[in-house]
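Take a look at the model below. The report starts with one contact and then widens to the whole chain.

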Amino acid sequence: MNCFHCIKNEKFLCFVGGIAAATIGVKAIRSPQARKLCVTGMAKGMKLQKDAQAMFQNMKEDAQDLCYDAKMEAEGKDA
């Protein structure tokens with residue numbers, strides 16, 4: 001009866017479930033497949049970051065060119 005009472009106890013089940021999830025999680029993280037997956041994901045993230053920085057730099061240069069052209073055109077019309 002006492003063990004059956006523990007199975008019905010919601011807090012006890014959450015505690016046991018947490019221990020099981022942590023144990024499985026640690027084993028999954030230490031596996032070579034998980035490491036490879038993490039490294040691949042991080043490499044893709046770094047590539048996306050570099051691509052975004054390059055795109056931002058190109059957009060910034062284009063905006064500067066447009067601003068310069070507009071300034072030159074405005075100065076030419078005012079003169």
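The backbone oxygen of Ala28 lies 2.8 Å from a polar atom in the side chain of Ser31. Ser31 sits in the loop between α2 and α3. Its relative accessible area is 19%, so Ser31 is buried. Buried means under 20% relative accessible area, exposed means over 50%, and partly exposed is in between (1.4 Å probe, protein chains only).

This is a predicted model: local features need pLDDT of at least 70, side-chain atom pairs count only at pLDDT 80 or more, and totals for chains, interfaces and linings use all residues. Residues are numbered from 1 along each chain as its sequence is written, and side-chain values use heavy atoms, with hydrogens and water left out.

Now the whole chain. The protein chain has 3 helices and 0 strands. Its pattern along the sequence is α-α-α. Helices (H or I, at least four residues) and strands (E, at least two) are DSSP runs, numbered from the N terminus. Of the 79 residues in the protein chain, 3% are buried. The chain exposes about 7600 Å², and carbon and sulfur atoms supply 67% of that area. Accessible areas come from the Shrake-Rupley method with a 1.4 Å probe; for residues, only the protein chains shown count as cover.

How confident is the predictor? The mean pLDDT (confidence in each residue, from 0 to 100) of the protein chain is 86, and 86% of its residues reach 70 or more. Confidence is lowest in helix α1 (residues 2-8), at a mean of 59, and highest in helix α3 (residues 32-78), at 92.

Helix α3 also holds a charged pair. The side chains of Asp51 and Lys47 meet in a salt bridge, at 2.9 Å from N to O. The term means a side-chain nitrogen of Lys or Arg within 4 Å of a carboxyl oxygen of Asp or Glu. Both residues lie in helix α3, 4 residues apart, about one turn of the helix. The structure holds 1 salt bridge.

Here are accessibility values for some side chains.

| Residue | Relative accessible area | Class |
|---|---|---|
| Asp51 | 37% | partly exposed |
| Lys47 | 52% | exposed |
| Cys38 | 54% | exposed |
| Cys67 | 53% | exposed |

What about disulfides? A disulfide is a covalent bond between the sulfur atoms of two cysteines.

Finally, the surface. Phe12, Leu13, Phe15, Val16 and Ile19 make a nonpolar patch of about 460 Å². Patches are made of residues with over 30% relative accessible area and no salt bridge: like charges are joined within 9 Å, nonpolar side chains (Val, Leu, Ile, Met, Phe, Trp, Tyr) within 5 Å. Val16 belongs to helix α2 (residues 10-29). Val16 counts as partly exposed because its relative accessibility is 39%.

Terms used
pLDDT is the predictor's confidence in each residue, from 0 to 100. A polar contact is a pair of N or O atoms within 3.5 Å; within protein, one must be able to donate a hydrogen and the other to accept it, and residues adjacent in sequence count only if both atoms are side-chain atoms.
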